[in-house]
Number of protein chains: 4
Amino acid sequence: MASKRVAVIGASGYGGLQTLRLLHDHPDLSVTFLGGERSSGKRWSELTPFLPLPGDPVVQNPDPDAIAAAADFAVLSLPNGLAAQLVPALLTRGVRVVDLSADYRYRSLQTWKEVYSSEALALNRGDEDLCAEAVYGLPEWEERRIRSARLVAAPGCFPTASLLGLLPLLKQGLIEPSGIVIDAKTGTSGGGRAAKEHLLLAEASEAIAPYGVVGHRHTSEIEQIASQVAGQPIQLQFTPHLVPMVRGLLATVYCRLRDPGLTADDCSTLIRTAYRDAPCVEVLPVGTYPSTKWVRQTNRALIGVQADTRTGQLIVMGAIDNLVKGQAGQGVQCLNLMAGLAATTGLPLLPFYP
Amino acid sequence: MASKRVAVIGASGYGGLQTLRLLHDHPDLSVTFLGGERSSGKRWSELTPFLPLPGDPVVQNPDPDAIAAAADFAVLSLPNGLAAQLVPALLTRGVRVVDLSADYRYRSLQTWKEVYSSEALALNRGDEDLCAEAVYGLPEWEERRIRSARLVAAPGCFPTASLLGLLPLLKQGLIEPSGIVIDAKTGTSGGGRAAKEHLLLAEASEAIAPYGVVGHRHTSEIEQIASQVAGQPIQLQFTPHLVPMVRGLLATVYCRLRDPGLTADDCSTLIRTAYRDAPCVEVLPVGTYPSTKWVRQTNRALIGVQADTRTGQLIVMGAIDNLVKGQAGQGVQCLNLMAGLAATTGLPLLPFYP
Amino acid sequence: MASKRVAVIGASGYGGLQTLRLLHDHPDLSVTFLGGERSSGKRWSELTPFLPLPGDPVVQNPDPDAIAAAADFAVLSLPNGLAAQLVPALLTRGVRVVDLSADYRYRSLQTWKEVYSSEALALNRGDEDLCAEAVYGLPEWEERRIRSARLVAAPGCFPTASLLGLLPLLKQGLIEPSGIVIDAKTGTSGGGRAAKEHLLLAEASEAIAPYGVVGHRHTSEIEQIASQVAGQPIQLQFTPHLVPMVRGLLATVYCRLRDPGLTADDCSTLIRTAYRDAPCVEVLPVGTYPSTKWVRQTNRALIGVQADTRTGQLIVMGAIDNLVKGQAGQGVQCLNLMAGLAATTGLPLLPFYP
Amino acid sequence: MASKRVAVIGASGYGGLQTLRLLHDHPDLSVTFLGGERSSGKRWSELTPFLPLPGDPVVQNPDPDAIAAAADFAVLSLPNGLAAQLVPALLTRGVRVVDLSADYRYRSLQTWKEVYSSEALALNRGDEDLCAEAVYGLPEWEERRIRSARLVAAPGCFPTASLLGLLPLLKQGLIEPSGIVIDAKTGTSGGGRAAKEHLLLAEASEAIAPYGVVGHRHTSEIEQIASQVAGQPIQLQFTPHLVPMVRGLLATVYCRLRDPGLTADDCSTLIRTAYRDAPCVEVLPVGTYPSTKWVRQTNRALIGVQADTRTGQLIVMGAIDNLVKGQAGQGVQCLNLMAGLAATTGLPLLPFYP
């Protein structure tokens, strides 16, 4: 089979870099267009001497016609609000899109505008139809729709780690829909590559701290999907923390069992069954708890489960690499499905430990 | 005023090292006996070239008579179960003791035996009376009793960070006593100085993972004190996580407000009022969240508060240095009170940032 | 082509783990025997839940007959002195060996005994012939001999990073053979997986320190190879430092140019030419300096060169991943050559950044 | 004695923060003016909630008249080139100055202009006289002149760690003046608090790399002082490396003994003797090598010495905290001398380990 042609737009941020690195090893997808605004006109090797690409391409202005001429698919790794400037033109030209930003994660444009109101450009959008059409790119839950989608919105990193454990429990009605607490922890690469004082090593090292307590944007994204799967509106508590490490994301989810007679093994079995055909999700034995180090630089999500018979609470832990299963890897997983390939094609699943 | 004489037993672990370092700068307390079993007979400078002590003392066998001859107070930094072998003999000889281990944190010896059953020596103890007599060394809540105590059990690091925020709320009945979730994060020095594979930099770096999910020993310690202050039995969820940093401990506590009309400012004010006379506790403005870096190498606890009006949940965050306010600094704070000094004498309260 | 069968002995240390991880993705080599003494009899998944191997093999006692029945090649990842207990029996049985320890890195058994005299078992060895026969497994310099070798001694991590830059210069006589200074820096995984106090995160983090100053064992290994290539005895200064990171090794080499008229570009070109056919070595443009992060989890060595026209000194910097090109990856590179494969088969060459 | 009044200008960078933190505990110096351009008009607690200052001062515009009205001394922590805009006006008004920048570290303005030509404002300066008058603030070598100085230029961090070990050897003529190699390693706080991509935790963590190879600005500063003490022009090799830690700086210095019969103990004794009256410098026993962790957050410099009888090389290792003895602590040490106090007044000398 001839290789499918992929454009990567926004190539020098972490999302773009990961996408390029993953596609470099991909047997059936090739990068045929490298786009970026700020780095337009520069040779790749000048920007990134440590990641040589075949032919040392020049970064190009992300012109829709040029992208459409060069590629069947586009992966967009752009700041929130910017992707939506480009997507309509790409779809019109027949380019199928995986967007790593938040621009198409909400079925309602109005909701997106409320959540992302602080972004420049947020207010000019009018593409309600594309918001409604876009598929939420969590392949374990939307595989069929992703396969035929024109536009896939890759989920946020926190939603991915939180939802994979929660959704089977909500779908089967095993847990109370209210009172759910998600305490999440992420490495600093989740904050992107642009220089910010609080992400300096001198500031972020030897420190752990919460941020965005109550009202972090990913709360609404998690609630949207959780509500949809549960079949009822869900409001939950989500608190992210910044951890002094480069990569890795852990969501520790607390919820109440509807039937206090259920054991951790029962719940673990249910979740394992739900992901029977999901090669990127693994449920650990009860008593083994996931470390982000076990999924570093892989597209795998590890889920651990424990229950407290005294309190009736279930603790569900989800670990991912925030830049792979939490971003670019999940994007490639979606791309694989859109291109008619097996979900894990070209994706690393085992870590190099330590 | 003549300096009070202090024995430090177990001097080469992190608890002992911190105690010695803090006492080195103390204006009114002097270390007059340095005890340790494994390092007995060695010069201090051989063991710890980087922390010269005046006179370069020789580490001595912790003989009760020798300790009593040399010191008015003893700080014990020994493995769980070992302190209880030494404490009765010290008290008999008139030495007042601050114990950094868990041996006297429970009012009931039976409870201690259940929780610490895996420790060697755990089963031989019969000192119910001392368990009942010992004062829980959280100075912000037991100052009066600590002042006159013969035996103070310094709290665990997780209980300290968790309880300081929770207790005022429980005492005033502002939160539901059930459903409390404590998601805690600690640096690796909390695991002590003895070499363990999972605490190697190569293993613990670039990783975050939960451990002791459901049933960690500090759960029962937290519940004991919380129940006592609330005036009713409390069972809660406590989950510790290992964070890739040396020092620092953050407890993120989730609880439900009894009156959903209460705001974060209301709760913040209540907690601030409770600690009006507590120089080691500071409540941050609502919207500012504590980083462990802000208390590194200090005896200060920072408390942050936020409320979610949608869910009625209150989030209380407590940050401490696990080896200072979470261990040796709190021990010295207790010692200060026992010696009739101001609580903060000789204790650092401001960090060297970054 | 049918897959070659490989035994991995000493599977739970970092060398063994890396070898298993690399061979897991290898198209032409399969692990058919998993050996270890302490973990003998245990299922792999119990030992290493995060790195599932096909068929979840049981770790076996490293019996030479069993190994020979199961495998064509063996990779030994054992403590110094232990490999030599096993190698003769394996060679006799027709198993070709890559040894990751130092046991066969010296052409003279006598030298080895002097350098490694502190190891248990060091004194009983009498296999001078095997020491003489063994090939030093630096594929960029011994490719032809490695292809046909029965026994390959994979180089140490420090020698690899130091020699790759130095050897072309010595061979061409561009630098003075005396006065060479190698200042090397390694991540803590170089100290192995066995728990040691100084490798704890709490001890090694937020610290850099030299160790083994004058007389570190790798000095003699570097000198042996440097002397051989230079055609004259070389004595040099080698100082390792422990860096607070998991993986990565940087050697900064200082030497004097024989002809002060030579530029950094001249030297860079010479080194680049020497490695024209070496796919795992890349020489950076003058002015770009190698970061260990650029080779993390790859089998690539990056070399940077700069010259000081004032002092006549040349600075040659070599960066590798100490566990891959510095250990297991180099072992697999040797295995590839021994099995008649391309040197880089199955080996990662590009990092996942950051 | 009444407290001396000190102005701190440039209060929100790391140099300013450290100075404020150190002066907070100082018994005889008080901060009476807080100056900054960007943060002018803001309350200190808004900028730095974690470091409460008495009275919560407002940051003021650094107007020379206002500074002179409020303070006897000024510590300037400003970008290179900016200090020289302010210093003449302060001196004229009778304010004695410790400048933490490089502006007055060279006796010749011309040299400074050559080295710092890339700085904005570099070319407008004409204060040759002040360059000639300024005292190099290395108190162990310039104590007498610092005591009476109007203007002290605190040394760079790399020069401090490099020179303390080198100078006694050069002064006594024990080492060859040519061929000296300084391989230095610093934590990332040395790069300052302004956000830069390469100092992000995601970029700098799990990495070590050289930078500024040949020609780093501190080379000329080291050479200037080394030449002066040696009484002959010295040119040496200086290579800094960025280490993944917040604080700490290690200089590993390689030099050749003039008399190969000299031992490490001889050299160690000579250096120890040189610093007999220097309370901030400690020479370790031969065989013990300094870790930056041993001086973290202290104003102490640790020096280790080892010799190689084979090669005739001496290795001198110097460890400091780059922000304390390498910057603000050294500034306060100078201030102490200028104010007629003991050198170590108010300065921490022992670390909180780990």
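Which residue takes a positive phi just after α4(D)? It's D:Gly94, with a phi of about 85°. Keep in mind as you look around that this is a predicted model.

Now step back into the helix itself. Helix α4 of chain D covers residues 83-92, and seven of its ten residues are buried, so the rest of the structure largely encloses it. If you'd like to find the buried ones, look for D:Ala83, D:Ala84, D:Leu86, D:Val87, D:Ala89, D:Leu90 and D:Leu91. And what sits over them?

Let's hop over to chain B and look at a sheet. Six strands make up an open sheet here, with parallel pairing, and their order is β2-β1-β3-β4-β6-β5. At the edges you'll find β2 (29-35) and β5 (135-136) of chain B; each has a single partner strand, so one side of each has no neighbour in the sheet.

Zoom in on one pairing: strand β4 (residues 96-99) of chain B runs parallel to strand β6 (residues 151-153) of chain B, and three bridges join them. For B:Asp99, the bridge partner in β6(B) is B:Ala153.

Finally, check out the helices lying across these strands. Helix α1 (residues 14-24) of chain B lies across β1 (4-9), β2 and β3 (73-76) of that chain, running at about 160° to β1(B). Helix α12 (residues 324-338) of chain B lies across β1, β2, β3, β4 and β6 of chain B, and its angle to β4(B) is about 160°.

Key. Residues are numbered from 1 along each chain as its sequence is written. Chains are lettered from A and ligands numbered from 1 in the order in which they are written. This is a predicted model: local features need pLDDT of at least 70, side-chain atom pairs count only at pLDDT 80 or more; totals for chains, interfaces and linings use all residues. Side-chain values use heavy atoms; hydrogens and water are left out. Buried means under 20% relative accessible area, exposed over 50%, partly exposed in between (1.4 Å probe, protein chains only). Helices (H or I, at least four residues) and strands (E, at least two) are DSSP runs, numbered from the N terminus. Two strands pair if DSSP finds at least two bridges between them. Contact means heavy atoms within 4.5 Å. Axes are lines fitted to C-alpha atoms, for helices over the stretch in contact, and angles run from 0 to 180 degrees between N-to-C directions.
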